[in-house]
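Subject: Structure handover

Hello,

Please find the structure below.

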Amino acid sequence: MIFNRQLGAEMRHARPWTLQEVEKRTNGEFKASVVGAYERGERAMTVARFVRLCEWYSTSPILILDKVLLSGPDVPNVTKAVALLHDVLELLPTDQS
């Protein structure tokens, strides 16, 4: 639960709009009430939703995870963040050059 609260707090800091604007700009993909629950740590985000929300916010999921680790690096947090980082990297596009 601590991890969800810390992740949610960082997502709140990254959010460029009000909750209502998030819902409107994402054409309902992210409901205001759900984003609010993510930010309060009341609801866990899937990796895919986390990456997608970061895309909408024009921020890096890696940067967000780094901030979570720096905000409270306890063992459960580190374990969850590293696992999430691995999954995020799997979802991000790779350079094909």
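The crossing of α1 and α5 is right-handed, meaning that the near helix is turned clockwise from the far one by less than a right angle. Helices here are DSSP runs of H or I with at least four residues, numbered from the N terminus. This is a predicted model, in which local features need pLDDT of at least 70 and side-chain atom pairs count only at pLDDT 80 or more, while totals for chains, interfaces and linings use all residues. Residues are numbered from 1 along each chain as its sequence is written, and side-chain values use heavy atoms, with hydrogens and water left out.

On the α1 side, the contact (heavy atoms within 4.5 Å) is made by Phe 3, Gln 6, Leu 7, Glu 10, Met 11 and Ala 14; α5 contributes Ile 64, Leu 65, Lys 67, Val 68 and Ser 71.

Not counting residues up to four places away in sequence, Phe 50 touches Leu 7, Met 11, Met 45, Pro 61, Ile 64, Leu 65, Leu 84 and Val 88.

Glu 39 lies in α3. Glu 39 counts as buried because its relative accessibility is 12%, where buried means under 20% relative accessible area with a 1.4 Å probe, protein chains only. Beyond its neighbours within four places in sequence, Glu 39 is in contact with residues including Arg 5, Arg 12, Arg 15 and Tyr 57.

Regards

Technical notes
Helix = DSSP H or I, 4+ residues; strand = E, 2+ residues; numbered from the N terminus. Buried < 20%, exposed > 50% of the residue type's maximum accessible area, 1.4 Å probe, protein only.
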